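Please consult the sequence and the structure shown below.

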Amino acid sequence: MSDYIVSLHWIYVFVMLAGALTFLYLSRNPRGVPKYEYVIAIIIPSWSGAAYLSIALGQGLLEQPDKTVYFARYLDWVVTTPLLLLALALTAMFYEKKKDKALIAALIAADVFMILTGLIADFSSETIKYIWYVLGVVALVIILYIIWYPLRKIAIKGGKELKKHYQRTAAYLTAFWVCYPTAWIIGPSGVGWTEQATEITAFIILPILSKIGFSLLDVTGLRRLNLPGVDV
């Protein structure tokens with residue numbers, strides 16, 4: 001790895017650490033937001049920073065003759081992206097006494113499927129990788145359907161303010177999640193239209209915005225709503 005790539009990953013580690021500490025600080029004054037929301041928000045950057053630390057230390061990657069596979073990204077995503085979706089689902093179900101566990105399970109299962117097919121695609125040959133990529137995109141479509149149909153209907157039942165907050169956070173997450181497969185397919189892992197440095201930069205910026213950015217938007221939005229949550 002070049003010094004530029006190593007430096008980017010170290011910057012990412014420190015940004016994730018700052019994010020985790022920020023949510024830890026906010027949790028000291030929850031303002032009616034359940035503590036599990038803060039726990040999720042803290043775990044996401046903590047694990048993501050640890051995964052990218054392995055890359056900064058030269059461990060979370062596998063160099064092949066034609067490309068480098070950063071498998072630590074997938075170790076990050078298979079943990080943090082389900083947590084992001086869990087946070088979004090819990091926001092939609094904030095007023096629901098009984099959470100729809102089946103819906104949450106379906107959402108997380110589709111997400112894990114998407115991440116693992118991406119990992120398999122990264123290790124696959126030129127032709128086969130597109131099969132796994134397409135399967136991952138199908139899983140993403142299922143995720144977006146759940147976010148924008150059943151979960152949105154639940155949020156609407158919670159009233160105008162919760163509906164607005166949910167739609168705002170869902171739109172934010174959707175915009176960045178669509179960028180992930182786009183960056184993957186045009187980068188060295190896909191058709192190779194962009195250089196490795198460009199792909200790596202994308203996978204530094206996108207996680208910062210979609211992880212810390214989303215959690216900040218979600219938690220601070222719930223705090224402003226002054227919802228009658230229960231500290232648990």
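This is a predicted model, in which local features need pLDDT of at least 70 and side-chain atom pairs count only at pLDDT 80 or more, while totals for chains, interfaces and linings use all residues. Residues are numbered from 1 along each chain as its sequence is written, and side-chain values use heavy atoms, leaving out hydrogens and water.

**Annotated segments**
- Over residues 170-188 the chain is 89% helix and 0% strand, with the end C-alpha atoms 29 Å apart; helices (H or I, at least four residues) and strands (E, at least two) are DSSP runs, numbered from the N terminus.
- Residues 170-188 are among the spans that an unreviewed UniProt entry lists as "transmembrane region"; UniProt positions follow the numbering used here, feature names are shortened, and annotations may be inferred rather than shown by experiment.
- Residues 6-26, also on that UniProt list, are 100% helix and 0% strand, and their end C-alpha atoms lie 31 Å apart.

**Overall fold**
- The chain comprises 8 helices and 2 strands, in the sequence pattern α-α-β-β-α-α-α-α-α-α.
- Its C-alpha atoms fill a box of roughly 55 × 35 × 25 Å along the principal axes.
- Of the 232 residues, 48% count as buried (under 20% relative accessible area, with a 1.4 Å probe and protein chains only).

**Packing of H5 and H7**
- The axes of H5 (residues 128-148) and H7 (residues 160-186) come within 11 Å and cross at roughly 175 degrees; axes are lines fitted to C-alpha atoms, for helices over the stretch in contact (heavy atoms within 4.5 Å), and angles run from 0 to 180 degrees between N-to-C directions.
- H5 is therefore roughly antiparallel to H7 (an angle over 145 degrees).
- Contact residues include Tyr-130 and Trp-148 of H5, and Tyr-166 and Trp-184 of H7.

Key. Angles under 35 degrees count as roughly parallel, over 145 as roughly antiparallel, 65 to 115 as roughly perpendicular and the rest as oblique. Buried means under 20% relative accessible area, exposed over 50%, partly exposed in between (1.4 Å probe, protein chains only).
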